[in-house]
Structure formats: structure tokens, C-alpha cells
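Below is a briefing on one protein model, covering helix packing, a sheet and a backbone detail. Please read it alongside the sequence and the coordinates.

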Amino acid sequence: MVSSPHEAMHRVFQDHPGLFTRVGPALGVDFPPYTSFDVMPTDLTETQPLERRVDTLLRFDTERDGPFLLAVEAQGKKDPGKTASWAYYLSYLHSKHRLPPVLLVVCQDRATAEWASRPFRIGPAPWTSLTLHPLVAGPHNLPAITDPAEAAEDLALAVLAAVTHAKEPDVGAILKALSAALRDVPEDVADPLAELTAQGLGKLPAADLWRTLMAVDLSFYKSPISQEIRAEGEARALLVVLQARGFQLPAATEQKVSECRDSRTLNQWLTRAATADSLDEVFHEG
């Protein structure tokens, strides 16, 4: 099953294709500025039943060097079988589109990034017929953006920095800078970026810090994650009130409250809990 960090590491390039040219300097390459771009279908299936699908595929047109394809792959761990798939992707894309393809692998940890950076050679020992040499972005080369003003200058890059540094000690400062920068932009801009960051952090410890920052710094937003955070707070408040009033909560009832994410229902229960004489009065339907 595809994880949310996996999705965020490549989806940020779908939502902000121009980010690639700004990541280039961190990777030690200088791609020309693009004049246009297209988000392309990711399905690389050639024949059934074998299906091959790249994470994100973009086409860039440049003024100086013509068009090229960018395949973005999010890689969460070392996978010896993946390098052969990547070689297939590039060969297939070059054959199908007759355009030079570039592979960018985005990682969240240094060990995976180091593994992905190694050239993968196809052919017998005396002669290499094909060499795969992907670009790799991760905590080893992407900047740790800890200044809110710098984060505000390039919000997409700040999100990518947060996601790729999710396991690094400096992730707290990066997230604080990003949340501060998002306060000053319109809701329709901030919401998708905040959600993408939450996806990228997955279930890592940094995700709890991001949820706290979202609740404090972005409490006026109505994004799904913000609503979920508020619902969690309302559920905790209801449990505190019920316990303070001396009700003995069955495990099923406590679970029902803890898992509820509907603020309207939680507020209704909380209002009843202030005066109810029984749990039935609190949770009755209608």
C-alpha cells in the first residue's frame, strides 16, 4: 500500500512543477529555465498483465535545450528490485516519447538516498550496456529552511524540505518556519500545502508537532486536517467532562467518543454532558 509520505514526496512536483528547477542547485545540476510544462499520464504499462507506473511524470519545454521528461519517484527504503524498474521507466519513456528522460528520486533518510545515488549498471562485467544514474534529493542535499521569510519565498520548496527532513533533528525548526510562512498567504494556497506536509510526515514523531502548529498557527483555516485536530480536542474535552461528573465510561463508549470526528455531534454530546443524569441522555439519538 502506498504511504502518505510516499505520495507527498512526488505529488509536490505535480502541484508545483517549477520546483524541479529550484531543486537543481542542491543536486549539483543546472537545468535551463522552463518555458512551459505539462503533467503527463503516469501509466507506463506496455502489455498485460504486467503494469508499470511511475509516481509522477512531467514534460518540460525549455528555451535553450528543447523539451525533456522528468520522472519523479518517492523512495522510502532500499529496494534492490527498484533499480531495474527505474531503468525500464527511462528506456520506455525515451522510446515512447522520443525525448530525453531524467529520473529524480526523493528520499526521507540518508541511507536510502546514498543507496539510490549509486550508479546501476546493466550488462556483463566486461561491458556495461546501460547505466542508470538518477538524481537524488533528500536530507543530505536539500536545504533545511528554518527562516520563515525564506520559507515564504518558496513555499513548495519549504514543504519539500520539511518532508525530506522529517527524520532529521532540525525538522522542528523547519516546520515552525513553514507554519509561520503559511499564516500570511491566502487559505486556498496554504491549505493544500499544509495537507501535503501532513501527508509527507505520515506517522513520524514530527507529525505530532505539525498537528500542534496547525492547531495554533492555522486554526482559522478549515482544511480537513485542521478540522480533525479541532474534533480531537473536542473529544478530549467531552471525556474530561464526563469523567469529572463521575460517569463510569465503558471502553466502547470511550472509543466512540475518541474516534468521532464530527464537530457538530461532539458539541451536542458536550452540551448534554453538562446536565445529563446518565450516559444514555448524553448519547441518545435524535
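Helix 6 (residues 155-164) packs with helix 7 (residues 171-182) at an angle of about 155°, their axes being 9 Å apart. That makes the two helices, helix 6 and helix 7, roughly antiparallel, a term for angles over 145 degrees. This is a predicted model, in which local features need pLDDT of at least 70, side-chain atom pairs count only at pLDDT 80 or more, and totals for chains, interfaces and linings use all residues. Residues are numbered from 1 along each chain as its sequence is written, and side-chain values use heavy atoms, with hydrogens and water left out.

**Helix packing**

- Helices (H or I, at least four residues) and strands (E, at least two) are DSSP runs, numbered from the N terminus.
- Axes are lines fitted to C-alpha atoms, for helices over the stretch in contact, and angles run from 0 to 180 degrees between N-to-C directions.
- The crossing of helix 6 and helix 7 is left-handed, meaning that the near helix is turned anticlockwise from the far one by less than a right angle.
- Helix 6 contributes Leu 155, Ala 158, Val 159, Ala 161 and Ala 162 to the contact, and helix 7 contributes Val 171, Ile 174, Leu 175, Leu 178, Ala 181 and Leu 182; contact means heavy atoms within 4.5 Å.
- The residues of this contact of helix 6 with helix 7 are eleven nonpolar, no polar and no charged, where Ala, Val, Leu, Ile, Met, Phe, Trp, Tyr, Cys and Pro count as nonpolar, Asp, Glu, Lys and Arg as charged, and the others, Gly among them, as polar.
- Helix 1 (residues 4-15) and helix 6 have axes that come within 10 Å and cross at roughly 170°, which makes helix 1 roughly antiparallel to helix 6.
- On the helix 1 side, Met 9, Val 12 and Phe 13 meet Ala 156, Leu 160 and Val 163 of helix 6; by class, the contact of helix 1 with helix 6 has six nonpolar, no polar and no charged residues.

- Five strands form an open sheet in the order 1-2-3-4-7, with mixed pairing; two strands pair if DSSP finds at least two bridges between them.
- Strand 1 (34-39) and strand 7 (135-137) are at the edges with a single partner strand each, so one side of each has no neighbour in the sheet.
- On average, neighbouring strands of the sheet are turned by 25° against each other, direction ignored.
- Strand 1 and strand 2 run antiparallel and are joined by five bridges, with Phe 37 opposite Phe 60 of strand 2.
- Strand 2 also pairs with strand 3 in the antiparallel sense, over five bridges, and Phe 60 stands opposite Phe 68 in strand 3.
- Six of the seven residues of strand 2 are buried, that is, under 20% relative accessible area.
- Strand 3 (residues 68-75) and strand 4 (residues 101-107) run parallel and are joined by seven bridges; Leu 70 stands opposite Val 102 in strand 4.
- Helix 3 (residues 82-97) packs on the sheet, where helix 3 touches strand 2 (56-62), strand 3 and strand 4, and its direction makes about 160° with that of strand 3.
- Helix 4 (residues 110-117) also packs on the sheet, touching strand 3, strand 4 and strand 7, and its direction makes about 160° with that of strand 4.

**Positive phi**

- Gly 66 has a positive phi near 80° in the hairpin of strand 2 and strand 3, which has five residues between the strands.
- Arg 98, a residue other than glycine, has a positive phi near 55°; Arg 98 lies in the loop between helix 3 and strand 4.
- Arg 98 is exposed, with a relative accessible area of 61%, the cut-off for exposed being over 50%.

Note on methods:
Buried means under 20% relative accessible area, exposed over 50%, partly exposed in between (1.4 Å probe, protein chains only). Angles under 35 degrees count as roughly parallel, over 145 as roughly antiparallel, 65 to 115 as roughly perpendicular and the rest as oblique.
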